[in-house]
Amino acid sequence: MKFTVGIALSPLEQLPELARTAEECGFSSIALPDSLFYMKSAAAKYPYTPDGSRFWGPETPWVDPLIAATAMAAVTSRIRFYTNVLKLGSRNPLLLARQVGSVANMSGNRFGFGVGIGWAPEEFEWCGVPFARRGARVDEMIEVIKLVLDGGMVEYHGEFFDFDPLQMSPAPTEPVPFYIGGHTDAALRRAARVGDGWTSAMMKFDQLRETIDTLGRLRTEYGRADKPFEIQAVCIDKFGRSGYEDLAGASVTDAIVVPWVMDGIGFDGELEAKKESLRKFAAANIDDPII
């Protein structure tokens, strides 16, 4: 099992140095969060907290994850980056295809595209996209982005997106993996049907294990059980050596951790303290790998 560092809510000026340190410590990847803006009043509840409240405020720092991946890739050579997850629904797939292809090329194919729909009606409506039928729209978006990233002259004629032959060059020299986020039945089916993996939000272990079992059944249903498939998990009740062994035993391929939060330093802690947390975590869990 590999370990990913979650960099959500960290001050932006810390990100390049955190990426360098994570790479030095042997972490596999960095997970990049996504948020377009903070609306003062939200029309919907946030789906991943018990009471539906957001755990960040209007002053919380965010960075576009594709820009962050490119900036951190420029100061590293091995560590990978993936969005966890980018909200597709409010965006344009052709513009995203250009951006994703650019990140993949500029990072030397060290980028994975984790995607979700988006939970906030405001992010859709204020960006000029209808909130209705968002799932069907995102399904087409995934098709469009994959088609364009494969390279060559392509065209698409769907319900939501329609374009004649076009080409974006250069195409990535390796396929960009797509990781599908979300906990709903529709999201799990999407992951099993078209994803190279599934990425979780915050979950307890029993729920996570049940979800992984469901994904296994769905992948068999779609005839994809023999294909490689990553499970990237944020588990909120399994920690320490024995906890990570449990996650590995449940078929988690990549545990997403935030060592400085686990050490009580907090999201906005000092850079040197965060770097020390990365080193301490690596000494306990990465230097002696968990199989």
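This is a short talk about how the inside of one protein model is packed, and about the spaces left in it.

Hi everyone. Before we start, please keep in mind that this is a predicted model.

Let's begin with the nonpolar core. The largest one has 70 residues. Which residues have the most contacts inside it? They are Phe27, Leu88 and Phe113. Among the elements of the structure, helix H5, residues 134–149, gives the most to this core, with seven residues. Apart from that core lies another one, of six residues, including Leu9, Tyr46, Trp56 and Trp119.

Now let's look at Leu88 by itself. If we leave aside its neighbours within four places in sequence, Leu88 is in contact with Leu96, Phe113, Val115, Gly116 and Ile117, and also with Val138, Met141, Ile142 and Ile145.

You can find it in strand S3, which covers residues 80–83. Is threonine 83 buried or exposed? Its relative accessibility is 0%, so threonine 83 counts as buried. What does its side chain reach? It comes to the backbone oxygen of glycine 114, at 2.7 Å. Not counting residues up to four places away in sequence, threonine 83 touches Leu32, Pro65, Leu66, Phe111, Gly112, Phe113 and Gly114.

The largest cavity holds about 50 Å³ of space. Around it you will find Ile7, Ala8, Leu9, Ser10, Leu12, Leu15, Pro33, Pro61, Trp62 and Val63. By class, that lining has nine nonpolar residues, one polar residue and no charged ones.

The second largest cavity has a volume of about 40 Å³. Its lining is made of Ser35, Phe37, Tyr38, Met39, Arg54, Trp56, Lys87, Trp119 and Glu123. Here the classes come out as five nonpolar, one polar and three charged.

Last stop, a pocket. The second largest pocket has about 200 Å³ of space. It is lined by Lys146, Leu149, Asp150, Pro172, Glu174, Pro175, Val176, Phe178 and Asp196. Five of these lining residues are nonpolar, four are charged, and none is polar. Two of the names, Lys146 and Leu149, fall within helix H5, residues 134–149.

Notes. Residues numbered from 1 in each chain as written. Predicted model: local features only at pLDDT ≥ 70, side-chain atom pairs only at ≥ 80, totals over all residues. Heavy atoms only, no water. Core = buried A, V, L, I, M, F, W, Y, C linked by side-chain atoms within 4.5 Å. Buried < 20%, exposed > 50% of the residue type's maximum accessible area, 1.4 Å probe, protein only. Helix = DSSP H or I, 4+ residues; strand = E, 2+ residues; numbered from the N terminus. Contact = heavy atoms within 4.5 Å. 1 Å grid on protein atoms, 1.4 Å probe; cavity = no way out; pocket = protein on both sides within 12 Å on 5 of 7 lines; lining within 4 Å. Points joined across faces, edges and corners; volume = space filled by probe spheres on them. Nonpolar A, V, L, I, M, F, W, Y, C, P; charged D, E, K, R; others polar. Polar contact = N/O pair within 3.5 Å; in protein donor to acceptor, adjacent residues only side chain to side chain.
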